[in-house]
Amino acid sequence: MKEFSLLYPQGKEPSYMTLGDETCNDLSLEYICEHLTDIEYEQNIIKRMMMKLENDPETIRYRCDIFADILKFPKLRSRIRELLEQLDYLKELEKSVKDNTAAPVWQLINRLQELDVYVNCISGINESLTENEVTSTGLIELKEYVSSVYNESGFEYLNQDIKEMMGEIGQIQSISLGVNLDNHMRPVEVGIVSINDTKFTRPGVLDKFLEFSSRKSEIHGGNSFDGMTKIHTVGKTVGDDPLMNNLSRVVNEMLGSTVKQIKNKLSRYVNISGYSLTKLIPEFIFYIRWAEFCSRIMEKGLPMCKPEILDADKNYMLAKDLYNLKLAFQVLAGKDIEIICNDFEFSEEHGIYIMTGPNRGGKTTFTQAVGIIFLLAQHGIYVPAGGLSLSPCDNIYTHFPADENRTVNLGRLGEESQRLSEIFTVATDKSVLLFNESLATTSFAEGLYIAKDVVHALRFLGARTIFNTHMHELAMHLDVMNSYEGTLNVASLITGIHEGKRSYKVFLAPPEGVSYARDIAEKYGVTFDQLKQSILTEPEKPEEEQASETAEKPEKKTGRASRGSKKK
């Protein structure tokens with residue numbers, strides 16, 4: 001069968017880069033996959049595919065069109081889901097068909113089952129693609145091939161022959177065994193006496209045996225043959241079982257003419273195989289699960305759109321009403337939350353963003369949203385936005401706060417610096433770089449010093465970047481930064497405050513003052529107001545202490561004295 005792929009156009013070679021573990025973790029890839037399907041092996045399939053970030057515009061457009069078709073036709077998705085189970089079964093049959101140790105009759109039966117599954121799959125795919133007016137190149141090519149097999153390759157004769165042969169095989173309903181005993185009435189040998197066209201029933205087994213053994217035909221052969229085998233099955237596998245091996249051999253010998261007849265018919269279809277269809281299973285799973293998920297999101301009224309893929313050399317991206325996909329999970333879970341959408345652009349004028357704003361103002365959520373939108377778009381998936389145009393990146397690199405267990409040997413600053421150095425070793429001007437509170441674990445002076453050099457290097461590299469930070473001073477004096485050697489300009493991006501509350505809106509503006517220390521203090525709860533509230537809050541007592549309290553409680557006091565006043 002002709003090789004097909006729903007991920008790559010005919011004759012197109014893959015040109016993907018593999019996402020690093022850091023990026024997968026920072027973009028919550030595993031968490032996303034868990035929301036697409038409850039089936040673990042499907043989660044693994046989707047994750048492995050998502051980690052391969054394709055950057056060829058033609059390939060990505062090919063995927064976008066296929067996904068749009070699958071999203072558009074729910075009945076097509078439903079029918080293909082049913083066929084996936086049959087295709088999966090075909091893989092198991094392949095192992096049996098290639099098993100040269102099996103008796104010929106069992107090989108033939110497996111081959112018949114394989115062809116029967118093949119017929120059903122071809123029929124199902126042909127019907128589902130014909131009933132739905134698909135427009136994508138990939139599905140049209142698959143439809144044309146399947147249709148040619150269905151209409152021009154002796155499909156009707158194959159279907160008829162399979163039914164006839166399965167009917168002949170189906171006549172065999174039971175076998176009669178002969179067992180020899182030793183002087184102590186223990187079974188020592190066993191062999192097939194006859195092959196019968198009727199199943200045994202509990203009453204009259206002996207009568208039926210006598211009746212069958214008296215007939216003279218091939219499938220009701222007598223009880224004289226030279227194939228008695230010692231019974232010894234302890235510790236043996238099925239393939240090593242002498243009894244089963246002997247039974248298989250005898251069945252094959254007794255069905256000589258039937259086996260020959262089936263072989264002659266199957267020889268006409270020796271080149272027909274459905275194995276190539278099994279290669280489409282993971283690709284269909286990928287598209288179908290994402291389509292089901294996107295459909296549920298759109299039913300909730302949230303925007304999802306087909307991305308417009310630009311040429312790779314433009315280094316551009318424009319998103320309308322962008323939001324973080326993970327927020328949609330909460331909506332699907334029934335939570336009543338308001339999702340704030342933002343417009344965002346990467347261009348030469350605004351290619352590197354220093355993003356500042358109040359603590360818990362949405363900086364991390366927005367930074368992650370940008371990475372996810374590149375990830376989805378370059379796999380052909382609809383993206384969480386009202387509109388999107390982008391030129392593909394060659395890879396996504398992230399620098400988020402590390403797990404403390406990883407900082408034991410180098411220290412936090414050493415670990416962060418090492419990861420920064422590794423990113424600049426592999427990133428190119430076509431990459432997307434996402435920094436989230438980088439260098440926040442060191443002193444302000446040290447962090448600011450290193451961050452200025454990093455931004456200088458980013459401009460020299462020319463990669464689209466969001467540098468999310470509490471160091472508001474970093475976003476000042478942009479004219480100096482933009483005087484450095486480079487092609488992409490540095491811009492200040494802030495998350496805003498509206499009427500004293502965090503608005504989660506993102507817009508171009510100068511940083512709102514020197515608030516690094518204040519934001520860090522708020523984050524860890526060490527402003528005066530937060531500390532005062534901690535002092536005034538009555539601490540929770542252990543359960544045993546609460547149980548020992550008497551009914552008569554002393555009068556409460558406020559402030560420090562209520563915690564630890566000494567007895568006089």
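Are Phe-344 and Phe-346 buried or exposed? Both residues are buried, meaning under 20% relative accessible area with a 1.4 Å probe and protein chains only.

This is a predicted model, in which local features need pLDDT of at least 70, side-chain atom pairs count only at pLDDT 80 or more, and totals for chains, interfaces and linings use all residues. Residues are numbered from 1 along each chain as its sequence is written, and side-chain values use heavy atoms, with hydrogens and water left out.

The structure holds 10 aromatic pairs. Rings of Phe, Tyr and Trp (its six-membered ring) pair if their centres lie within 6.5 Å; planes under 30 degrees apart count as stacked, over 60 as edge-to-face and the rest as tilted. Two of the pairs involve Phe-344.

| Pair | Centre distance | Plane angle | Class |
|---|---|---|---|
| Phe-344 and Phe-346 | 4.9 Å | 80° | edge-to-face |
| Phe-344 and Tyr-353 | 4.9 Å | 45° | tilted |

Tyr-353 is buried, as is Phe-344.

Elsewhere, ring pairs join Tyr-31, Trp-290, Phe-293 and Phe-329 in a cluster. Trp-290 and Phe-293 belong to helix α13, and Phe-329 to helix α14. Helices here are DSSP runs (H or I, at least four residues), numbered from the N terminus. Helix α13 spans residues 281-299 and helix α14 residues 325-332; they pack at about 70°, with axes 10 Å apart. The axes are lines fitted to C-alpha atoms over the stretch in contact, and angles run from 0 to 180 degrees between N-to-C directions. Contact means heavy atoms within 4.5 Å. On the α13 side, the meeting residues are Trp-290, Phe-293, Arg-296 and Ile-297; on the α14 side, Leu-325, Ala-328, Phe-329 and Leu-332.

Technical notes. Buried means under 20% relative accessible area, exposed over 50%, partly exposed in between (1.4 Å probe, protein chains only). Helices (H or I, at least four residues) and strands (E, at least two) are DSSP runs, numbered from the N terminus.
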